[in-house]
Every structure is written in C-alpha cells, then in structure tokens.
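Have the viewer open as you read.

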Amino acid sequence: MNTMPCQIYIERIDASKNMKRFYIVSLSETLLSEVCVARRWGRIGTRGQEKLHYFARELDALEFLLGLLNGKRKRGYSLKRR
C-alpha cells in the first residue's frame, strides 16, 4: 500500500446566517497498514469535533473520502488555502 498522506481543508461562510464552518479531511496509513480517513469539523476558530475511519483497502478509503467531499460541496463548502 502506497498511501500518500494528504489533508483537504474546506469552509462554508455565510454572513447572513452567522455561519462560519470548517471541515478537514485527511488520509494516512497506520502502522498496521490500514488506511485512516480522519475528519474534523466545527465552527472556525474552535477545535471542533473529530472522527476516524479505518479501511483495509486504499480504494475503499478514497471512495469514502470523495463521497464526504462531494456531499460537502453540494452544501456550499469550498476549498481554502491554509
């Protein structure tokens, strides 16, 4: 397994609703050769919440990650540079 660690940061800001949210998704390989998708979300300026998902196959992890990002994009999140 040749998982390249990566991290994607997206935001949704809507001043009319006082909404300032972030969503971070990262992909990495564990010591046991599993693939971990970590996601963190919350209000910008806070630590937020975090959840980890483990997969035996890299393809399954990538499909899960892309599904998360597509759902967030449909809700108005966009890429931001950090």
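## The sheet

First, a working definition: two strands count as paired if DSSP finds at least two bridges between them. Keep in mind that this is a predicted model.

With that in hand, strand S2 (residues 19–29) and strand S3 (residues 35–43) run antiparallel and are joined by nine bridges. Along that pairing, Ser-28 sits opposite Cys-36 in S3. On to the next pair: S3 and S4 are also antiparallel, with seven bridges joining them, and here Val-35 stands opposite Phe-55 in S4.

Zooming out, five strands make up an open sheet with antiparallel pairing, in the order S4-S3-S2-S1-S5. Strand S4 (49–55) and strand S5 (78–79) are the edges, each pairing on one side only.

## The S3–S4 turn

S3 and S4 form a hairpin with five residues between them. Look for Gly-45 in the turn, which has a positive phi of about 100°.

## The helix

Helix H1 (residues 58–74) lies across strand S1 (6–14), S2, S3 and S4, and runs at about 170° to S2. H1 has 17 residues and reaches 24 Å from its first C-alpha to its last, close to the 24 Å expected at 1.5 Å a residue.

Which residues of H1 are buried? They are Ala-61, Leu-65, Leu-68, Leu-69 and Lys-72. Seen down the axis of H1, these buried residues fall within an arc of 95°, so they line one face of the helix. They pack against S1, S2, S3 and S4, while Leu-66, Arg-73 and Lys-74 are exposed on the other side of H1.

After H1 comes Gly-76, with a positive phi near 105°.

Definitions and conventions
Residues are numbered from 1 along each chain as its sequence is written. This is a predicted model: local features need pLDDT of at least 70, side-chain atom pairs count only at pLDDT 80 or more; totals for chains, interfaces and linings use all residues. Side-chain values use heavy atoms; hydrogens and water are left out. Helices (H or I, at least four residues) and strands (E, at least two) are DSSP runs, numbered from the N terminus. Contact means heavy atoms within 4.5 Å. Axes are lines fitted to C-alpha atoms, for helices over the stretch in contact, and angles run from 0 to 180 degrees between N-to-C directions. The expected span of a helix is 1.5 Å times one less than its number of residues. Buried means under 20% relative accessible area, exposed over 50%, partly exposed in between (1.4 Å probe, protein chains only). The arc is that of the directions from the helix axis to the C-beta atoms.
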